[in-house]
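Colleague: I would like to go through this model with you. Could we begin with the terms and then move on to the structure itself?

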Amino acid sequence: MYSEIKKKLQKLMRAECVMSRRKRLLMLLKPLDVYPSRHNQDLSRVKNPHVSQVFEYLDNRCMVHKNAINYCQDVVRRKLVDWESIFRSDLSKPITGVDLVVTVGGDGTLLQASHLMDDSVPVLGVNSDPTQSKEVEEFSDEFDATRSTGYLCGATTENFELVLDNILEGHMDPLKLSRMAINLNSQPISTYALNDILVAHSCPATVSRFSFRIESGDQPASPLINCRSSGLRVSTAAGSTAAMLSAGGHVMPILSRDLQYMVREPIAPASTISHLLHKFVRPDESMKIAWSCKYGLIYVDGSHVVYPIQHGDTIDVSSKAPVLNVFLPHLSHSSTSK
């Protein structure tokens, strides 16, 4: 009984503290120029009769995103907060000195923000252009009308103000999502991966040669696996619903601290090691990778953040990275630790 009363008092005190100080908010925006425009295209060589319709669809996506930006900014203007907005393409330094980051775009915008954030600032993603199931069905015979998935986005324009109010009033706690730490030749890479990494040759048609093993402390926890394949993907729990799932991987509980790895398109793997080509790395373990091609790349959370590697380089990955605090109301009640 006493502990319940104490928790309620602590929650009230926290809410009062939250309301007593003016919050500082950074709004990070997906640029408008990422959508192709018919005015910038040479359409003379295009024979598809549906091209005009496709560009109308893309113009609509741009308009929906622009309207979402305007709406979110109007909402924030009405709140007792100090705020500024910036396009993600103009952000190059770590995010500090704010109490909350709001990204307006899709998962890509939130991922880019995460690369410049530590575990002291929470983030709320607003999916500015959600997929419309009726639209996808309507145009299924003509083109892919899928819009933004927004798995990591905790709001849309429909509920943004409600979610924002709950955050500012201290009625909502963020989820602590695991990230991946990466060391290249024993030196830490400054970028933590929130979704996944892909270690591969820069040319997708070229074979990637590498070896890896799992270690616990300084002791091997698996045999050395020598691979020829299309590369190696390692994902966090959050990233297990992205490319890892598309490749046949397993969806992990969102709060799991494990990593999941999969060798992509292995060439004639021996039956004795085939079960070791897709497994998990526990929080107390790390993955040691040795690269054996002349050149290669480490792709972090997609294609925009890339680190070059060459023959003889070693890569260590683990979940020993600062978490990212993300507001995900739609997952908060169903998420459990693995």
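This is a predicted model: local features need pLDDT of at least 70, side-chain atom pairs count only at pLDDT 80 or more; totals for chains, interfaces and linings use all residues.

Colleague: Then where does Arg282 fall, buried, partly exposed or exposed?

Modeller: Arg282 has a relative accessibility of 44%, so it counts as partly exposed.

Colleague: And which residues does Arg282 form salt bridges with?

Modeller: One partner is Asp284, with the closest N and O atoms 3.4 Å apart. Another is Glu285, where the closest N and O atoms are 3.1 Å apart.

Colleague: What does Lys288 pair with?

Modeller: Lys288 forms a salt bridge with Asp316, and the closest N and O atoms are 3.2 Å apart. This pair links distant parts of the chain: Lys288 belongs to strand E15 (residues 285-291) and Asp316 to strand E18 (residues 314-318), 28 residues apart. Asp316 counts as buried because its relative accessibility is 17%, while Lys288, at 24%, counts as partly exposed.

Colleague: Which residues are joined into a network by salt bridges that share partners?

Modeller: Arg61, Asp129, Glu135 and Arg147 are joined into one network in that way. In the whole structure, the search finds 13 salt bridges.

Colleague: Let us change topic. How many helices and strands are there?

Modeller: The chain has 7 helices and 19 strands. It comprises 338 residues, of which 46% count as buried. Its accessible surface is about 17,700 Å², and carbon and sulfur atoms contribute 52% of that.

Colleague: What share of the contacts comes from residues 24 or more positions apart?

Modeller: Among contacts in the chain with a separation of 6 or more, such residues account for 70%.

Colleague: Now the sheets. In what order do the strands of the open sheet with 6 strands run?

Modeller: The order is E14-E13-E12-E8-E16-E17, and the pairing is antiparallel. Strand E14 (278-281) and E17 stand at the edges with a single partner strand each, so one side of each has no neighbour in the sheet. From one strand to the next, the twist averages 20°.

Colleague: How do E8 and E16 pair?

Modeller: Strand E8 (residues 196-200) and E16 are antiparallel, over 4 bridges. Leu198 has Tyr299 in E16 as its bridge partner.

Colleague: And what of E16 with E17?

Modeller: Strand E16 (residues 295-300) pairs with strand E17 (residues 305-310) in the antiparallel sense, over 6 bridges. Tyr299 stands opposite Val306 in E17. The hairpin of these two strands has 4 residues between them, and Asp301 takes a positive phi near 55° there.

Colleague: Which strands does E1 pair with?

Modeller: E1 pairs with strand E2 (residues 81-87) in the parallel sense over 7 bridges. It is also joined to strand E3 (residues 100-105) by 5 bridges, again running parallel. Arg24 has Asp82 in E2 as its bridge partner, and Leu29 has Val104 in E3.

Colleague: Why is strand E1 described as largely enclosed?

Modeller: Strand E1 (residues 23-29) has 5 of its 7 residues buried, so the rest of the structure largely encloses it.

Colleague: Finally, the nonpolar cores. Which residues touch the most other members in the largest one?

Modeller: They are Ile197, Phe212, Val234, Met287, Ile298 and Ile315, in a core of 30 residues. Another core lies apart from it, with 22 residues, including Leu26, Leu28, Met117 and Val123. In soluble globular proteins, nonpolar side chains tend to be buried together.

Colleague: What does Val234 touch, leaving aside residues up to four places away in sequence?

Modeller: Val234 touches Met180, Asn195, Asp196, Ile197, Leu259, Gln260, Tyr261, Met287 and Val317.

Conventions:
Residues are numbered from 1 along each chain as its sequence is written. Side-chain values use heavy atoms; hydrogens and water are left out. Buried means under 20% relative accessible area, exposed over 50%, partly exposed in between (1.4 Å probe, protein chains only). Two strands pair if DSSP finds at least two bridges between them. Contact means heavy atoms within 4.5 Å. Accessible areas come from the Shrake-Rupley method with a 1.4 Å probe; for residues, only the protein chains shown count as cover. A nonpolar core is a set of buried Ala, Val, Leu, Ile, Met, Phe, Trp, Tyr and Cys residues joined through side-chain atoms within 4.5 Å. Axes are lines fitted to C-alpha atoms, for helices over the stretch in contact, and angles run from 0 to 180 degrees between N-to-C directions. A salt bridge is a side-chain nitrogen of Lys or Arg within 4 Å of a carboxyl oxygen of Asp or Glu.
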